[in-house]
Amino acid sequence: MTRAAVARALVNHPSILLADEPTGNLDSKTGQAILSLLRQINREDHCTVVMVTHSQEAASYGDHTIFGRDGRIEKIARRGEQPGEVRP
């Protein structure tokens with residue numbers, strides 16, 4: 001995901017932004033910039049950012065982290081809390 005892709009996604013001021021592996025093919029400096037930009041969009045524009053990632057670093061930018069395995073939600077954690085198991 002590049003800044004241009006983020007700009008295109010935001011042109012209509014969506015209330016939700018879906019980001020699939022936004023740092024996947026980026027160098028670490030650019031990846032950090034994109035994650036910071038997504039956080040800024042969330043804070044300043046009140047846009048919910050739903051990010052799918054395998055990166056623990058990228059996941060750490062979120063206020064909530066949902067852990068999935070085999071198509072099911074396994075755990076949910078809020079920033080600063082230990083993940084809790086989801087009961088069926």
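Throughout this passage, a residue is called buried under 20% relative accessible area, exposed over 50%, and partly exposed in between, with a 1.4 Å probe and protein chains only. The structure is a predicted model, in which local features need pLDDT of at least 70 and side-chain atom pairs count only at pLDDT 80 or more, whereas totals for chains, interfaces and linings use all residues. Residues are numbered from 1 along each chain as its sequence is written, and side-chain values use heavy atoms, with hydrogens and water left out.

The structure holds 4 of them, each defined as a side-chain nitrogen of Lys or Arg within 4 Å of a carboxyl oxygen of Asp or Glu. Arg79 is partly exposed, with a relative accessible area of 44%, and its side chain meets that of Asp63 in a salt bridge with an N to O distance of 3.5 Å. This pair links distant parts of the chain, 16 residues apart: Asp63 sits in the loop between H3 and E3, and Arg79 in the loop between E4 and strand E5 (84–85). Helices (H or I, at least four residues) and strands (E, at least two) are DSSP runs, numbered from the N terminus.

Asp63, partly exposed at 27% relative accessibility, also forms a salt bridge with Arg39, where the closest N and O atoms are 3.4 Å apart. Here too the pair links distant parts of the chain, with Arg39 in helix H2 and a separation of 24 residues. Arg39 counts as partly exposed at 22%. Together with Arg43, the residues Arg39, Asp63 and Arg79 are linked in a network of salt bridges. Another salt bridge joins Arg69 to Glu74, with the closest N and O atoms 3.0 Å apart; Arg69 is exposed at 53% relative accessibility, while Glu74 is partly exposed at 30%.

The largest pocket has a volume of about 780 Å³. Of its 23 lining residues, Met51, Ala59, His64, Thr65 and Ile66 are the closest to the centre. Helix H2 (28–45), strand E2 (48–52), helix H3 (56–59) and strand E3 (64–69) are the elements that each give two or more residues to this lining. A pocket is an open set of points on a 1 Å grid over the protein atoms alone, where a 1.4 Å probe fits, with protein on both sides within 12 Å along at least five of seven lines; lining residues have an atom within 4 Å of a point. The volume is the space filled by probe spheres set on the points, which are joined across faces, edges and corners.

On the surface, Ile16, Leu18 and Val50 form a nonpolar patch with about 290 Å² of accessible area together. Such patches are made of residues with over 30% relative accessible area and no salt bridge, nonpolar side chains (Val, Leu, Ile, Met, Phe, Trp, Tyr) being joined within 5 Å and like charges within 9 Å. Areas come from the Shrake-Rupley method with a 1.4 Å probe, and for residues only the protein chains shown count as cover. Val50 lies in strand E2 and is partly exposed at 40%.

Most residues other than glycine have a negative phi. His13, however, has a positive phi of about 50 degrees; this residue is found in the loop between helix H1 (3–10) and strand E1 (16–20) and is exposed at 71%. Asp70 has a positive phi near 55 degrees, lies in the loop between E3 and strand E4 (72–78), and is exposed at 75%.
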